[in-house]
Every structure is written in C-alpha cells, then in structure tokens.
Amino acid sequence: MRVSNLKIGQILINSGDITEEQLEEVLEKQKTNKKRIADLLIEDKIVTEQQVCKALEKQLYIPYVDLDTITIPEELNGIIPEEMAQSNMVIPVEQEGRFLTVAIADPLNYQGLKDISIATKLKIKPVIAEASKITAKLRDMYAAQKAIDDAKEFLESNTAKSQAQKEAEEAAAQDASANDQPIIRFVNTMIEEAIFSKTSDIHIEPMEKCLRIRFRIDGKLQIYMETSPELIPSVTSRIKFIGNMNIAERRIPQDGRINYRVGGKDIDFRISVLPSVFGEKIVMRITTSLGMELKKENIGFLPQNLEKFNHLVKSNRGIILVTGATGSGKSTTLYTALHEVMSEDINIITVEDPVEMIQPGITQVQTNEKAGLTFAAALRSILRQDPDIIMLGEIRDGETAGIAVQAAITGHLVLSTLHTYDAPSSVARLVDMGIEPYMVSSALLGIIAQKLARRLCVNCKEAYSPDQNERIALGLKQDEEITLYRKCGCDRCNKKGYKGRIAVHEVMLLTTTLKRAITEGKSTDDLREMAIAEGMIPMKENVRIDVLQGLTSYEEYVEMTISND
C-alpha cells in the first residue's frame, strides 16, 4: 500500500479544513483521551466525516466512496458475518471474481481486513467511507433478517401449539434486560428499525393468516414484515408488558406508554391496544421528535409566515390556535412556540392528553378522565397557579373553550389546537362550541393552519420542464422557462422518491377588520377572502411555492390541494 508521509492532521491543515491552533488543541486532548485524531476532530465538530475520509484518501491513496449513491447487491447480504462487519465497521460493496470491494471507516485496520479475507475466502479491495453511512447500511442489511430469524427461533421453540400462548406470555413478561429471549429480541429489533427509519407510527395488525407489521413513514404506511400468526399472542403480550398494561385483559381497549433508549437518546412511545377479530391490534406512536430541534426555522414557514409567527409568540395575552388534521405536526409547532418564549421569569403550564414531549422548565399536566382530571378541570386549577402562558393540548368541547377564552381575556397567553382543515373555519368551530362571536374576536390573536407535504429526496429528484396542464394548474406562463422536480427513487429514500416532510401553512392574524367581521357573524368564505386581502397566504399557494422551489412535487401539490378546490 502506498502511503503519504504526511499525517492526517497536516493534510487537513494543508487543505484548509482546520487551523494549526485547532490541531494543537486536539493533540493536547489526545494525551488524556486515547482516541484517534480524526475521531476527536469529528467529535468536536471541527471537521465532518467526509472531510476526514477525503484526507485519508489523499494520505493512503485509497479511493473514497459515497455509500448514499451505491446500491449493494442482494447477493452480498451476509457474505461477511454480522459480528465481524459491525466490529470492524466494514460493509461489502461489490464482488468481481475473487475480489471483494469493501467500504471501511478505518483503512489502517489491517487485521480486520485480513480476517474478512479469511472468512470470505476472497481478496479484499478496501475503499473509504463514513462510519455513520456504514452503520446505516449495516442496519439495512442485517436488521430485517435478524427479526425474521428471531421470529423463526421463537416459533421453533414452541413445538406444542397448546402451550404456545402460555409460553409466549412467560417469554413476554421478562425484564427488558433479558435480551436472550427471541421474542424480546424481535420486538426490540422492530422498535429500533422504526426509530432509525424515522417512523411516526408502528402498526401491529393480527390477520387470519399472518401478523402484519407496518411503519408509517412520511405519512404513508409501508409494510415492514409479514410473519406467522403464531407470533400474535407473544408480540402482543410483550408490548403490553413493557407498556404497563394488563396482559390478561383482551376484551377492552388499553393505553400505555414506554420509554426506549437507543443511540444514547430516550424515545417515548404512546401505545394503543384495540381488540379485533384475530387478536389485539397495536399502534405505537413515537411521540419524541426524531432528528428535529424545536427551532422555528425547522418548521418550514415561508419568510412572510415566519414573521407572523414571531409576531404572535411575542404577545402576552390572547389565544393562538394551531389547526390541522391528526398527524399534521400541530404539537411540534406548539412546543416550538413554547420553546421560543421560555425564560426564567415566565410561568408556563400545559395540559395534555397525553404529554407528548417532556420539556424541562415547564409544568406539564397529564389529564385523567377516570379520576375527573379533564381539560376543563385542569384548566380551572391552572388559573389559580399564577400562569403567564397556558398550553392546552386540544380544545375539545365548549366548556374548555369557554374557560380558555376567559383566561385569554383576563391577561393570559393561551396556545392550543383544533381539528379544522384551514384557518378561517376555526372561527366557526369555536362559535359552534357555544362561544359568542364577540368573545371569539376579543380573545383570538391568530390561527396557524398546517398540513405536511412529502419532501422530494434531494439525492435522486429528477428535473423536468412542466407540461401545459401543469403550467395552467400552477399559474405559470406557457413560454416561461422554469424547472420542476419529480420523484425518482434511490437507496437513501428506500426507492420512494420522498424523504422527510415539510409543513405548509396559512397564518391568519386577527386584524381589526377581521375582528369586526367575526363580531358581525360573517361566513367562513367571507373571512377567507378578507384574510387573503389582509395578507394571508393560502395553504394552496404555500404548496405551489414549495413546488416551484423544488422542495416537493407537482403530484404532491395535486394530492394536497384537490380537496380545497
């Protein structure tokens, strides 16, 4: 192997990635921490993994590959034993005859490369790749198969079908540390795969001839696995056990919560169990915001809407409503608003069902209908707790709405959600709950309506020129030169063409004109027209802008706006 005499630190200095002072600091740190210079530089966020890989490429004359752009052939799955691949941070990339190309994070791991050569009986050609991308590829390669193997092992252990359910429950009701149990490994693997794939909900569905598990990713359900129906009682019992539910009760719905730690992060799940014909269906909702900081810039506001959002959260009294369908990101927007206004001199109290994100520094109250702790009852008590800001998880009934309005009028800032599809119709919803129009106009500050659109995968989205119909729908001139993007599909987005979602909004500020119109009992259509005239950007226009900016596709535009036409 031909190696440059320059050390990696000097190479990074020569390339302008780090300064000599930064290198000196890391070298000093290395005296007490035996990690590699490269690892310390990455930990301190001085350089990225890719910068280190490029430096190693120059130092060792070994090519760098971007694993996001590579599809690993199925025939290479398992060619390297999983434990060996994980311990050496290496993954097979390509085989040509007797040569196996492998991507490795540490190309100086000569012993690891030698062990792989012996295990595979092939000559090894190393290439360099980021450790994080190797980890992601290894997870894709081995995790699903691991879950299947655990399921098979469990089924094979239940030779007597009459004992299957009893043994399933005994296996399920084990401490979480007993990871040698196949059914525990199966459930753990499923949960971890859901977290890594940024799933919002896990659906565990008993069918007549199989147990179907689906993940909701970017708003769409995708099949994760279909396995034997004999696993139904065992998987159900295990999840009910860790969710602190009654394993023996199978006749009524149950709710539970679990906290699962993976990758150094605690993930909260809300669990719903519903009896069905072939067993109990379970939906596990991941309530922890995965990979997203609670910053207003991350929500997806257009610049004009972000300005309105800032105006609303700076208020010290009134009601701010966030509206939209279930799963449209309302709670994330509410928590972001709270995060913006949090300070030591403000008393913030929330009432939620359930508490979805634990927020240090905020008093959070979990409702309990059976004990009489309803939204309305909790809100009455909160008003005696000297609050500055109150967040209600949802305004569900006229009683809660009435107390919220009174709280807003008497000098509190109230944030809450409603289930309406746009901003203007929220006014009619409050009036339907029994709130007088003049009270609505006095209390309301503004309404943020939102939906989630699928974001095009930046790795594979395909540019094209719109046709005549698309130009008409998007309000474009026939001779206007413009590029749109459509979905394609690659490994990074699991061949779907979309990766992640972006929120689209309409933000309606209650101006003097709109307040007068509400008091006069104007219709929802009248309010919408007036709000647009006062500067509200309709949600349809927000999606159109996202399409023109290449963030989402025309196909998504049609799907999201057709119901509004």
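This is a predicted model: local features need pLDDT of at least 70, side-chain atom pairs count only at pLDDT 80 or more; totals for chains, interfaces and linings use all residues.
**Entry 1: H20 and H21.** I noted Lys 540, Val 543, Arg 544 and Val 547 on the H20 side of the contact, and Tyr 554, Tyr 557, Met 560 and Thr 561 on the H21 side, contact meaning heavy atoms within 4.5 Å. I sorted these residues into five nonpolar, one polar and two charged, where Ala, Val, Leu, Ile, Met, Phe, Trp, Tyr, Cys and Pro count as nonpolar, Asp, Glu, Lys and Arg as charged, and the others, Gly among them, as polar.

**Entry 2: conventions.** Residues are numbered from 1 along each chain as its sequence is written, and side-chain values use heavy atoms, with hydrogens and water left out. Local features need pLDDT of at least 70 and side-chain atom pairs count only at pLDDT 80 or more, whereas totals for chains, interfaces and linings use all residues. Helices (H or I, at least four residues) and strands (E, at least two) are DSSP runs, numbered from the N terminus.

**Entry 3: the sheet.** I traced an open sheet of seven strands with mixed pairing, in the order S12-S11-S13-S14-S10-S15-S18, two strands being paired if DSSP finds at least two bridges between them. S12 (363-366) and S18 (498-509) stand at the edges with a single partner strand each, so one side of each has no neighbour in the sheet. Neighbouring strands are turned by 20 degrees against each other on average, direction ignored. Within the sheet, S10 (residues 318-323) and S15 (residues 444-456) run parallel and are joined by five bridges, and I found Val 322 opposite Ile 448 in S15. Helix H20 (residues 539-548) packs on the sheet, touching S15 and S18, with its direction at about 140 degrees to that of S18. Helix H21 (residues 554-561) lies across S15 and S18 and runs at about 140 degrees to S15.

**Entry 4: Leu 527.** I placed Leu 527 in helix H19 (residues 524-533), and its relative accessible area of 2% makes it buried, that is, under 20%, with exposed meaning over 50% and partly exposed in between (1.4 Å probe, protein chains only). Leaving out residues up to four places away in sequence, Leu 527 touches Pro 424, Val 427, Leu 514, Ala 517, Ile 518 and Lys 522.

Technical notes
Axes are lines fitted to C-alpha atoms, for helices over the stretch in contact, and angles run from 0 to 180 degrees between N-to-C directions.
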